[in-house]
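This report describes a single chain. Its parts are taken in turn after the display below.

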Amino acid sequence: MTGFKDVVGRKDLVSYIQKAVTQKQISHAYILNGERGSGKKMFAQLFAMTLQCERGGAEPCNECHSCRQALSGNHPDIIRVVHEKPNTISVEEVRVQINNDIMIRPYNGKYKIYIVPDADMMTVQAQNALLKTIEEPPEYAVIFLVTENAESLLPTILSRCVMLKIKNVKDALIKKYLMEQMQIPDYKADVCTAFAQGNMGRAIMLATSEHFNEIKEETLQMMKYIKDMELPELLKALKSLSSYKVEVDDILDLISVWYRDVLLYKATKDINGVIFSDQMKYIKESANTSSYEGIETILKALEKAKTRLKANVNFELVMELLLLTIKEN
């Protein structure tokens with residue numbers, strides 16, 4: 001990704017950023033909010049590079065000294081806040097890396113830019129410390145708060161930042177990108193697109209995973225016989241799947257695709273929209289033995305399981321509750 005011209009979809013967000021840059025209507029603080037893999041870090045990087053680009057255009061030139069520094073991760077006026085503990089950004093880290101540093105003028109560029117990944121991990125004390133800086137920033141300062149969960153930020157932070165929501169990309173655009181730009185075969189592109197649910201990063205991750213076929217086949221094998229398998233056997237199968245280099249909620253999303261196929265076939269008897277069309281025998285069996293309410297209950301349970309896992313609830317407990325719901329419905 002070298003510029004806004006390469007962004008797939010999200011033209012409204014690209015247009016907003018470019019208009020803000022060209023009209024010099026830059027806020028001192030932005031929140032880039034979107035799910036994992038949605039491209040929020042990419043947008044923060046492109047926005048920062050555009051602001052610092054020596055040519056002053058609507059997107060980075062990738063050729064000037066400033067752009068080359070940014071691309072190498074060595075721009076002195078684009079600072080990425082880091083934190084020692086995996087799930088916490090402390091007040092001391094905010095004070096040292098932002099508050100105490102921000103009064104030093106930019107070394108080269110017009111702006112001094114701070115990118116805070118995982119901004120929702122800031123403690124309340126850290127957010128309050130940052131608030132004082134956001135309320136009275138120097139004119140050259142721009143702060144990007146990158147987060148999957150903007151709602152967890154303090155209302156006082158939210159009210160003083162411009163919210164940039166990273167929306168989903170249309171399935172047709174994702175599939176087209178995978179097939180034309182990455183040379184992914186039709187069937188595989190269909191599965192990756194359905195799995196991604198509008199998230200380009202996740203579609204690319206699955207399409208380029210060396211374990212894609214193993215993950216898909218093992219998941220499908222489990223789904224075909226899930227009603228006949230005992231709970232310990234199912235837990236072992238899920239643990240085996242999670243040993244691949246993917247997140248557990250990605251596996252749950254593949255299971256969700258299966259049940260959406262079941263629901264679609266049950267409602268329409270049309271196989272054209274079914275993603276796992278090579279598994280129609282088992283899709284039909286599941287559709288015939290499950291009620292609409294049961295399938296909806298399972299889909300809701302899958303979403304609830306992902307939420308619980310993000311909250312660090314015990315893996316086996318979450319999976320046991322999910323699998324019991326699936327077997328009961």
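Does M200 count as buried or exposed? M200 has 9% relative accessibility and therefore counts as buried; buried means under 20% relative accessible area, exposed over 50% and partly exposed in between, with a 1.4 Å probe and protein chains only. The model is predicted, local features need pLDDT of at least 70, side-chain atom pairs count only at pLDDT 80 or more, and totals for chains, interfaces and linings use all residues. Residues are numbered from 1 along each chain as its sequence is written, and side-chain values use heavy atoms, with hydrogens and water left out.

**Overall organisation**

The chain has 15 helices and five strands; helices (H or I, at least four residues) and strands (E, at least two) are DSSP runs, numbered from the N terminus. Along the principal axes, its C-alpha atoms fill a box of roughly 65 × 45 × 30 Å. Of the 329 residues, 49% count as buried. Among contacts (heavy atoms within 4.5 Å) between residues at least 6 apart in sequence, 72% join residues at least 24 apart.

**Surroundings of M200**

M200 belongs to helix α9. Leaving aside neighbours within four places in sequence, M200 is in contact with V8, R10, G37, L173, I174 and Y177.

**Helix packing**

Two helix pairs are set out in the table. Axes are lines fitted to C-alpha atoms, for helices over the stretch in contact, and angles run from 0 to 180 degrees between N-to-C directions.

| Helix pair | Angle | Axes apart |
|---|---|---|
| α8 (residues 186–196) and α9 (residues 200–208) | about 140° | 8 Å |
| α4 (residues 91–99) and α5 (residues 124–135) | about 25° | 7 Å |

Angles under 35 degrees count as roughly parallel, over 145 as roughly antiparallel, 65 to 115 as roughly perpendicular and the rest as oblique. Helices α8 and α9 are therefore oblique to each other, and their crossing is right-handed; a crossing is right-handed if the near helix is turned clockwise from the far one by less than a right angle, and left-handed if anticlockwise. On the α8 side, K188, C192, F195 and A196 meet R202, A203, M205, L206 and A207 of α9. This contact comprises seven nonpolar, no polar and two charged residues. Here Ala, Val, Leu, Ile, Met, Phe, Trp, Tyr, Cys and Pro count as nonpolar, Asp, Glu, Lys and Arg as charged, and the others, Gly among them, as polar.

Helices α4 and α5 are therefore roughly parallel to each other, and α4 passes α5 in a right-handed crossing. V91, V94, R95, I98 and N99 of α4 meet Q125, A126, A129, L130 and T133 of α5. Six nonpolar, three polar and one charged residues make up the contact of α4 with α5.

**Nonpolar cores**

A nonpolar core is a set of buried Ala, Val, Leu, Ile, Met, Phe, Trp, Tyr and Cys residues joined through side-chain atoms within 4.5 Å. The largest has 55 residues, and W258, Y259 and M319 have the most contacts inside it. Helix α12 (residues 248–268) supplies the largest share of this core, ten residues. Apart from it lies another core of 31 residues, including L51, C61, I115 and V146.

Beyond four places in sequence, W258 is in contact with L220, M223, K224, F276, Q279, Y282, I283 and S286. S286 lies in helix α13 (residues 280–289) and, at 15% relative accessibility, counts as buried. With neighbours within four places in sequence left aside, S286 is in contact with W258, Y259 and V262.
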